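Visitor: I would like a close look at a single part of this model. Please take me through one spot, step by step.

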Amino acid sequence: MNILSIQSSVAYGHVGNSAAVFPLQRMGVSVWPVITVHFSNHTGYGEWRGPVLPAPEIAEVIRGLEERGVLPECDAVLSGYMGDASLGQVIAAAAAKVKELNPQAVYCCDPVMGDTGRGFFVRPGIPEFMRDVAVPLADVITPNQFELEFLTGMRIEGLESALEAADRARALGPGLILVTSLLLQDEREKMRMLAVCGEGAWIVETPLLPLTVNGAGDATAAIFLARYLKHGDPAEALSGTASAIHAILEATHRAGARELQLVPAQESFVNPPRWFKARRLR
């Protein structure tokens, strides 16, 4: 299995491709990483160094892959954080080209824009590109609750409104929605993930751990995509992803670390120590 992953990269820590590539490789997936920014560390530290790569240079990297004749062997395109809105059309063109050369390929868009409590943290133009271009082009999207609310223009207050928002998001184009973090007002001691597609809807609950880390959503999107491609079962992909992510967060909490403990907890990508079973909602 081959995945073209177009995302950010950091030298220290685990976000973007730095959170997605190793889990995918540990799961037996070949990854072709294309980086959109290369920073010293996550911007959440307040200070960082490094370049936002110009869109034409990123397009040249993808063009080089096309010239090698390997794009028909690509099973999926995964996109995440973009440093600038100008990159949007490069990602859209890459996804369209891969799907043209391999009609079975899947485009998974992680519409990274912001989060509850922080609001938007991306440059102007990116949220609109995600809503108007990337999401309609995608087969799978993996928004968090804040991003799903923006994409659908509705407030999520309970499970029913979350399901309605997921249905509205599917109406934009993608067939499968994974809501990577769902904090319902009536019960906040649990973290939930929700998967919705034409075949049904499933939810999985894990204990909410007292920590804040960067990159968990990036790892979640990558693991979910790999499991979905391998098994074709949204419920299995949801259960396996939630179980793996919870194990990684537990390891990070035990270590008292700010960065995800992906390397120490790497066995969790393949064999999570505790399995959280998804519950069918409809």
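Guide: Start with a definition: buried means under 20% relative accessible area, exposed means over 50%, and partly exposed lies in between, with a 1.4 Å probe and protein chains only. This is a predicted model, in which local features need pLDDT of at least 70, side-chain atom pairs count only at pLDDT 80 or more, and totals for chains, interfaces and linings use all residues. Residues are numbered from 1 along each chain as its sequence is written, and side-chain values use heavy atoms, with hydrogens and water left out.

Now find Asp 110. Asp 110 counts as buried because its relative accessibility is 5%. Its place is the loop between β4 (106–109) and β5 (114–115). Strands here are DSSP runs of E with at least two residues; helices are runs of H or I with at least four; both are numbered from the N terminus.

Look at the side chain of Asp 110. A polar contact of 3.2 Å links it to the side chain of Thr 142. A polar contact is a pair of N or O atoms within 3.5 Å; within protein, one must be able to donate a hydrogen and the other to accept it, and residues adjacent in sequence count only if both atoms are side-chain atoms.

Set aside neighbours within four places in sequence. Asp 110 is then in contact with Ser 79, Gly 80, Met 130, Thr 142, Gly 217, Asp 218 and Ala 221.

Follow that list to Asp 218. Asp 218 is found in helix α7 (residues 216–231). With 12% relative accessibility, Asp 218 counts as buried.

UniProt, in an unreviewed entry, places the feature "binding site" at Ser 8 and Asp 218. They span 211 residues in sequence, yet no two of their C-alpha atoms are more than 10.1 Å apart, so they gather at one spot. UniProt positions follow the numbering used here, feature names are shortened, and annotations may be inferred rather than shown by experiment.

Finish at Ser 8. Ser 8 is in strand β1 (residues 2–10). Ser 8 is buried too, with a relative accessible area of 5%. Beyond residues up to four places away in sequence, Ser 8 touches Val 15, Gly 16, Asn 17, Ser 18, Thr 36, Val 37 and Tyr 81.

Technical notes:
Contact means heavy atoms within 4.5 Å.
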